[in-house]
Amino acid sequence: MQTPPWRQALARAFTDLPGLLAYLEIDPSTLADTSRADRQFRLRVPREFAALMRKGDPDDPLLRQVMPDGRETTPTPGFDADPVGDRLAEIRPGLLQKYHGRALIITTGACAVHCRYCFRRHYPHTGGTAAPRQWRDILDHLRADPSIEEVILSGGDPLMVSDQKLGAWLEQLQELPRLKRLRLHTRLPVVLPQRITPELTGLLQACRFSTVTVIHANHPNELSPAVADGCRRLREAGVSLLNQSVLLKGVNDNCETLARLSKRLLEIGVMPYYLHLLDRVAGAAHFDLDEPAALRLQRQLLAELPGYLTPKMVREITGEGSKTPIHTAID
Ligand SMILES: *Cc1c(COP(=O)(O)O)cnc(C)c1O
Ligand code: SF4
């Protein structure tokens, strides 16, 4: 079988820092040592995403999201390997349920990009997908629990899986009579828009579910014309599009950037959904913004944007029955 172009693009991704820095015309000798951080969680950046970074700027907001940082290997109290209680929520191998009516499948550990702040950075980011036996066990569970109406395909990134395999999974899921909604949580429409193949949109269009795709962009510079085009094709296939972002110090922690992000998302047909406060995962403390600063930012955003362009600011707290909204203090 021929390798699809998106897989070829993936194979060309930067996986070494010197290569990425040379491409960006940044002198590595001006940067602190990052080799330990890189060994812990390997750099991975598709060329399409790197092309949106400013040349010669080590502080570029897209580069910061993917660039290993020496501070990652310094332990910080309160930042650990499983900050959101995923191990406790695993009701079957590869199936997480934390909230009423929706269950999340870890379809694969693989991602096209390695985001330094990721709460799953301590997971094995291997290429393997859920094994057939594991998948059957997940289907049995979904069949036995009538309260689950929505399945979320997550990972890693569910669009790292081939169209063939996705198609087979969708077929099996559609046989579960109580399932009504299908959701994909994926960063590929942003970092590798050629992943939105006609085969993929065809699969999504043909399935009986109400289908939602939650993309993940943190900065307006990520939303190139190619990304806009991929989103348009998803919408044409009847998919509703939402965006979730993570509030990241040095990347998008100001009102101007977040307002531009929301406006640009609307232009490409994507509604802002969540703005997550950082999950306190070991290695990501340097991205953390304290809660008072986040609240100030939220007030500024509310004063700046229409309500429908203001994402819900939330934190994930282990054991809670939903993401927890961070409320603007009335003072
Ligand atoms: C975040 C999350 C969801 C989705 O929550 P929504 O508020 O519906 O977007 C579902 N399951 C798990 C395990 C999650 O972590
Ligand atoms: S794409 Fe998502 S799951 Fe993958 S590394 Fe980035 S934030 Fe984590």
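**Pocket, core and cavities**

Tutor: Let us begin with the ligand site. In this predicted model, ligand 2 sits in the largest pocket.

Student: Which residues surround ligand 2?

Tutor: Its surroundings consist of Cys 111, Val 113, Cys 115, Cys 118, Gly 156, Arg 187 and His 216. Sorted by class, this shell comprises four nonpolar, two polar and one charged residues.

Student: How many residues has the largest nonpolar core?

Tutor: That core has 93 residues, and Leu 173 is among those with the most contacts inside it. Beyond its neighbours within four places in sequence, Leu 173 is in contact with residues including Trp 135, Leu 142, Leu 182 and Phe 209.

Student: What volume has the largest cavity, and which residues line it?

Tutor: The largest cavity has a volume of about 70 Å³. Its lining includes Asn 243, Ser 245, Tyr 273, Tyr 274 and Pro 311.

Note on methods. Residues numbered from 1 in each chain as written. Chains lettered and ligands numbered in written order. Predicted model: local features only at pLDDT ≥ 70, side-chain atom pairs only at ≥ 80, totals over all residues. Heavy atoms only, no water. Core = buried A, V, L, I, M, F, W, Y, C linked by side-chain atoms within 4.5 Å. Buried < 20%, exposed > 50% of the residue type's maximum accessible area, 1.4 Å probe, protein only. Contact = heavy atoms within 4.5 Å. Near = heavy atom within 4 Å. 1 Å grid on protein atoms, 1.4 Å probe; cavity = no way out; pocket = protein on both sides within 12 Å on 5 of 7 lines; lining within 4 Å. Sits in = over half its atoms within 2 Å of the grid points. Nonpolar A, V, L, I, M, F, W, Y, C, P; charged D, E, K, R; others polar. Points joined across faces, edges and corners; volume = space filled by probe spheres on them.
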